Amino acid sequence: MTDVFAALLSQSSELVAPRLLGCELSRQIDGQLVRGRIVETEAYDQHDAASHSYKGRTPRTEVMFGPAGFLYVYFTYGMHYCCNVVTGAVGQGSAVLIRALEPLAGEDIMSSNRGGIIGQRMTNGPAKLCQALQIDRQWNGHDLRQPPLQLIIRPPVAQTDIVQTTRIGITQAKAVPWRFYLRNDQYVSKV
DNA sequence: CCGGTGATGCCCT
DNA sequence: GGGCATCACCGGT
């Protein structure tokens, strides 16, 4: 396959989730660059009771069943957005939740979007980083190869720098170890 | 630092 | 109508 981006993301969410650590989300807002390094992810899959796609295709989860490399944005708890990178083959219903970023550029814009918060609490949670990058429902289904919101693939991080553990904030399939984060990274949402 | 809790809207049963 | 892949704030330590 010549399309490296699609080839990488077309793998299972369980494989893609650790691979996205060290990759970057790049966003342009009013001509300004806002960028962050992914430091924490979680995998979700159709055969996974914690996944939105578990009960099959619905209008809400339609994007999850589409091609890899697109963004699945969902709204939860009446006020928060979270974003996922769709993975796997078409029809598979799998995605990787982006749970935390290390800010690399545009910290002033992120801080402004976050009500003035600076530092780790600016982007150390899935809804926090969406707020910082101004990602909401209108970005659901966005092609992550296209500006103004792109996923930048970086070389894989060393296996020894990755911690694998159980996912956060779910009530189903709590034992499944599909959360991945960078060891000793201060921007991870929770140790 | 820690745990408890209220805010608030949409999706699916 | 119940539950939710969350967050900020509050009070006690």
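First, the ground rules. The model is predicted: local features need pLDDT of at least 70, side-chain atom pairs count only at pLDDT 80 or more, and totals for chains, interfaces and linings use all residues. Residues are numbered from 1 along each chain as its sequence is written, chains are lettered from A and ligands numbered from 1 in the order in which they are written, and side-chain values use heavy atoms, with hydrogens and water left out.

I start with DNA strand B. Which residues are around DNA strand B? They are Thr58, Pro59, Arg60, Phe75, Tyr77, Gly78, Met79 and Arg137. A residue is near a strand here if one of its heavy atoms lies within 4 Å of it. By class, that surface has 4 nonpolar, 2 polar and 2 charged residues. The classes run as follows: Ala, Val, Leu, Ile, Met, Phe, Trp, Tyr, Cys and Pro are nonpolar, Asp, Glu, Lys and Arg are charged, and the others, Gly among them, are polar.

A polar backbone atom of Tyr77 is 2.4 Å from a base oxygen of DNA strand B. Gly78 has a backbone N or O atom 3.3 Å from a sugar or linking oxygen of DNA strand B. Arg137 uses its side chain: an N or O atom there is 3.0 Å from a phosphate oxygen of DNA strand B.

Next, DNA strand C. There are 20 residues around DNA strand C, and Tyr74, His80, Asn84, Arg114 and Thr171 come nearest. The surface near DNA strand C divides into 10 nonpolar, 7 polar and 3 charged residues. Strand E3 (71-76), strand E4 (80-87), strand E5 (94-105) and helix H4 (126-132) each supply at least two of its residues. Helices (H or I, at least four residues) and strands (E, at least two) are DSSP runs, numbered from the N terminus.

Which part of Asn84 lies 2.4 Å from a base nitrogen of DNA strand C? A polar side-chain atom. Ala50 instead has a polar backbone atom 3.3 Å from a base nitrogen of DNA strand C. At Gly169, a polar backbone atom is 3.1 Å from a phosphate oxygen of DNA strand C.

Now the interior. In soluble globular proteins, nonpolar side chains tend to be buried together. A nonpolar core here is a set of buried Ala, Val, Leu, Ile, Met, Phe, Trp, Tyr and Cys residues joined through side-chain atoms within 4.5 Å. Buried means under 20% relative accessible area, exposed over 50%, and partly exposed in between, with a 1.4 Å probe and protein chains only. The largest nonpolar core has 43 residues, and Leu9, Leu20, Ile38, Ile98, Ile135 and Leu151 touch the most other members. A second, separate core of 13 residues includes Met64, Cys82, Ala95 and Ile170.

Last, the salt bridges, each a side-chain nitrogen of Lys or Arg within 4 Å of a carboxyl oxygen of Asp or Glu. The structure holds 10 of them. Arg145 pairs with Asp3, the closest N and O atoms being 2.8 Å apart. That pair links distant parts of the chain, 142 residues apart: Arg145 in the loop between H4 and strand E6 (149-152), and Asp3 in the segment before helix H1 (4-9).

Glu24 and Arg154 meet at 3.0 Å, N to O. Glu24 lies in strand E1 (residues 24-29) and Arg154 in the loop between E6 and strand E7 (162-165), so the pair ties together parts that are 130 residues apart in sequence. Glu24 is buried, at 9% relative accessible area, whereas Arg154 is partly exposed at 31%.

Glu102 and Arg37 also form a salt bridge, at 3.2 Å. Glu102 is in strand E5 and Arg37 in strand E2 (residues 32-44), so parts 65 residues apart in sequence are tied together. Finally, salt bridges that share partners join Glu40, Glu42, Arg99 and Arg179 into one network.

Methods:
Polar contact = N/O pair within 3.5 Å; in protein donor to acceptor, adjacent residues only side chain to side chain.
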